[in-house]
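User: Could we go through the strands and helices of this model together?
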Amino acid sequence: MTRSFSLIGTTALLALALLLAGCGVGSGGPESKISETTDTYLRSLASGDTTKACAQLTAEAKSTLGVSCAVATQTIATRVGRDRLSEAADRGASISVDDSTGSATLEGLNAARIGLVDSGSSWLIESGYTLDDSS
């Protein structure tokens, strides 16, 4: 009976480990999370999903837009161009991290720089969201 229980316990632990690995628990450092936020933002802008794009911004960033986040992100997408946004997402970004802040430099958009902060559960964009090359 002990041997049977040990085999069941080992199998259950192995299944749990595989489940957690598949869910991404414990994987991906700050660089991958910054990259994910940046990619989600660019692709959301490109596809016109303003709700998802706005979800990538800090509350402070949204409060400085002057208009609703949906209107601001539509304006950004129109100015930059949806094709350019998709291309920039495909090309990726150079990521740097310094404790709880980080940045993504978008070579596909004239080296526009997005500043991000660690919000505890994810990384959110705090600056550079207008994608001006001077940001």
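**Sheet and helix packing**

Analyst: Strand E2 (residues 101–106) pairs with strand E3 (residues 112–118) in the antiparallel sense over six bridges. Strands here are DSSP runs of E with at least two residues, helices are runs of H or I with at least four, both numbered from the N terminus, and two strands pair if DSSP finds at least two bridges between them.

User: What is the bridge partner of Gly102 in E3?

Analyst: Gly102 has Leu116 as its bridge partner in E3.

User: How reliable is the model behind this?

Analyst: The model is predicted: local features need pLDDT of at least 70 and side-chain atom pairs pLDDT 80 or more, while totals for chains, interfaces and linings use all residues. Residues are numbered from 1 along each chain as its sequence is written, and side-chain values use heavy atoms, without hydrogens and water.

User: In what order do the four strands form the open sheet?

Analyst: The order is E1-E2-E3-E4, with antiparallel pairing. Strands E1 (94–98) and E4 (123–127) stand at the edges with a single partner strand each, so one side of each is left without a neighbour in the sheet.

User: Turning to the helices, at what angle do H2 and H6 cross?

Analyst: The axes of H2 (residues 30–47) and H6 (residues 82–91) cross at roughly 155° and come within 8 Å. Axes are lines fitted to C-alpha atoms over the stretch in contact, with angles from 0 to 180 degrees between N-to-C directions. H2 and H6 are therefore roughly antiparallel to each other, a term for angles over 145 degrees.

How values were computed:
Angles under 35 degrees count as roughly parallel, over 145 as roughly antiparallel, 65 to 115 as roughly perpendicular and the rest as oblique.
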